[in-house]
Amino acid sequence: APAPSAAAPAPAARPLLDGPPYADLIATLSETHGVDPLLVRALIQVESGYRPRARSSRGAMGLMQLMPSTAREYRVRNPFEPRANLEGGIRHLKSLIDRFGVEIALAAYNAGEGAVRRFNGIPPYRETRNYVSRILSLAGLK
């Protein structure tokens, strides 16, 4: 029989798999909306570091850093409430994935759909390119 350690994930993958805050809620909502929960966890890690009260200088709010227009679009009444934020953020991410595929969806989540359309793919912004590769890497997709 193989040694038990053979099945253990690589040390780098450990923090994500050890059950971050809201892991059960993320798993449930991700499954409901058909999005890879590891992708959602990685996005939250990069967006807010799992801080439900996070607010960016541009006005993005909560765990998934919803912009006010996105919160309105998905009827998120209180973007600082974890369940509401996750529901809206995951639904938004799913709609982007359905339209663009995972990599370009992440770019659109970061830089906006307009930028993705303007550049017909991932915009040439260092921040967006780093964002996409960091999330893919954290999610184990790259």
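Tutor: Terms before residues: helices (H or I, at least four residues) and strands (E, at least two) are DSSP runs, numbered from the N terminus. With that in hand, methionine 67 sits in the loop between H3 and helix H4 (68-73).

Student: OK, and what kind of model is this?

Tutor: A predicted one, where local features need pLDDT of at least 70, side-chain atom pairs count only at pLDDT 80 or more, and totals for chains, interfaces and linings use all residues. Numbering runs from 1 along each chain as its sequence is written, and side-chain values use heavy atoms, with hydrogens and water left out.

Student: How many helices and strands are there in the protein?

Tutor: Eight helices and zero strands. Going along the sequence, you read α-α-α-α-α-α-α-α.

Student: Back to methionine 67. Why does it count as partly exposed?

Tutor: Because its relative accessibility is 34%. Buried means under 20% relative accessible area, exposed over 50%, and partly exposed in between, using a 1.4 Å probe and protein chains only.

Student: What is methionine 67 in contact with?

Tutor: Contact means heavy atoms within 4.5 Å. Skipping neighbours within four places in sequence, methionine 67 contacts Arg58, Gly59, Ala60 and Met61. Its C-alpha is also 9.6 Å from that of arginine 55, a residue twelve positions away in sequence.

Student: Glutamine 65 is in which loop?

Tutor: The one between H3 and H4. Glutamine 65 has a positive phi of about 50°, although it is not a glycine.

Student: Buried or exposed, glutamine 65?

Tutor: Buried, because its relative accessibility is 9%. Compare asparagine 120, in the loop between H7 and H8. Asparagine 120 is not a glycine either, and its phi is positive at about 50°. Yet asparagine 120 is exposed, because its relative accessible area is 75%.

Student: Switching topic: what percentage of the residues count as buried?

Tutor: Of the 142 residues, 42% do. As for contacts with a separation of 6 or more, 41% of them come from residues 24 or more positions apart.

Student: Which residues have the most contacts inside the largest nonpolar core?

Tutor: Met64, Leu86, Leu93 and Leu106, in a core of 33 residues. Helix H2 (23-33), helix H3 (37-48), helix H5 (82-100), helix H6 (102-111) and helix H8 (126-138) each give two or more residues to this core, and H3 gives the most, with six. A nonpolar core is a set of buried Ala, Val, Leu, Ile, Met, Phe, Trp, Tyr and Cys residues joined through side-chain atoms within 4.5 Å.

Student: Tell me about leucine 106, then. What does it touch?

Tutor: Not counting residues up to four places away in sequence, leucine 106 touches Leu39, Leu43, Leu93, Tyr131, Val132, Ile135 and Leu136. Leu106 is one of the buried residues in H6, along with Ala105, Ala107, Ala108, Tyr109 and Asn110.

Student: And what do the buried residues of H6 pack against?

Tutor: H3, H5, helix H7 (113-118) and H8. After H6 comes glycine 112, with a positive phi near 100°.

Student: Last one: where is alanine 27?

Tutor: In helix H2. Alanine 27 is partly exposed, because its relative accessible area is 32%. Valine 40 is 13 residues from alanine 27 in sequence, with the two 8.8 Å apart in space, C-alpha to C-alpha.
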